[in-house]
Each structure stands twice: as C-alpha cells, then as structure tokens.
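Dear colleague,

I am handing over the structure we spoke about, and below it you will find what turned up when I went through it. Please keep it open beside you while you read.

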Amino acid sequence: MKTKFERPQKPLDVTPVVVQADWAIAGWRQDGRGGRVLMKKTHHGWSAYLCSGDSLREVGTLEKLGLSANDAAGLAAGLKEAEASLDSSALALFSSFEGTVMLMHQASKDAGSGHEGHAP
C-alpha cells in the first residue's frame, strides 16, 4: 500500500493491521481521509481485496465476502481489540469511508502482468 499510494507530501499511515489465516484488515489514513482495507493473501503475496469503512468490523459482512465463519470472527475480534487503543479521530477517519470499493480484480490484473498488487 505504501509503495503505491504514499507520497512525500502525503504520508500514508497504515495501522492497525490484523491477520487471520489468508485475510487481513488494515486501517489507513492519508491527507485527512481514511478507511479500512481487506487484504487477501494469494500466491503473489498480499493484495487489496476491497476498501470500506465500518462494515469491515462486522462478522456478517466478512462472511458475505467469502471468509469462513472462523476467519470472519477472528478478524472482527482482532480488529476490535486493535482499534480499542486508538484515539477517536483515527476511528472517525476509518468510519468516514463511504461505500465499498472492490479492488481485487485490479490487483489480480496487476499480479498477472508481473506486478504484485499493492492497491489499498
């Protein structure tokens, strides 16, 4: 994510990151914006699957996206614990991401062309 989106004048803060099996959720903040990104581990490495806001905190949403019940519950619990120590302004930025933006198809194209997916 940092390789693709960080700029000298716009640093990208990626924290917290929680991992469960082949899935991860990371919070990100950059230039007054923020959200959460669901990552999937593939044979090419970690790729961004989608960006969203608070919906990625919900077990049901994660299951609908294809995670097993165990992985969804583990990610949601880990995220809740990891975000508990963050200040309210960070959480507000994560929550401010409206809707859901699918990224996996683009990451797959990048990986297939010899570039590992680094999209948030």
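A residue is called buried when its relative accessible area is under 20%, exposed when that area is over 50%, and partly exposed in between, with a 1.4 Å probe and protein chains only. What you have is a predicted model, in which local features need pLDDT of at least 70 and side-chain atom pairs count only at pLDDT 80 or more, while totals for chains, interfaces and linings use all residues. Residues are numbered from 1 along each chain as its sequence is written, and side-chain values use heavy atoms, with hydrogens and water left out.

Let me begin with the salt bridges, each being a side-chain nitrogen of Lys or Arg within 4 Å of a carboxyl oxygen of Asp or Glu. The whole structure holds five of them. One of these joins Lys-10 to Asp-31, with 3.6 Å from N to O. Because Lys-10 sits in the loop between helix H1 (2–5) and E1, and Asp-31 in the loop between strand E2 (23–30) and strand E3 (33–42), the pair ties together parts that are 21 residues apart in sequence. Here helices (H or I, at least four residues) and strands (E, at least two) are DSSP runs, numbered from the N terminus. Lys-10 counts as partly exposed, because its relative accessibility is 34%, whereas Asp-31, at 53%, counts as exposed.

Another salt bridge links Asp-13 and Arg-29, whose closest N and O atoms are 2.5 Å apart; since Asp-13 lies in strand E1 and Arg-29 in strand E2, this pair ties together parts that are 16 residues apart in sequence.

Arg-36 and Glu-83 also meet through their side chains, at 2.8 Å from N to O, and as Arg-36 belongs to strand E3 and Glu-83 to helix H3 (residues 69–83), they tie together parts that are 47 residues apart in sequence. Both Arg-36 and Glu-83 are buried, and they belong to a network of salt bridges that also takes in Asp-54 and Arg-57.

Turning to the strands, two of them count as paired if DSSP finds at least two bridges between them. E3 and E4 pair in the antiparallel sense over seven bridges, and they form a hairpin with two residues between them. Strand E4 (residues 45–52) is mostly covered, six of its eight residues being buried. Within E4, Leu-50 is the bridge partner of Leu-38, and the bridge partner of Leu-50 in E5 is Met-102.

With best wishes
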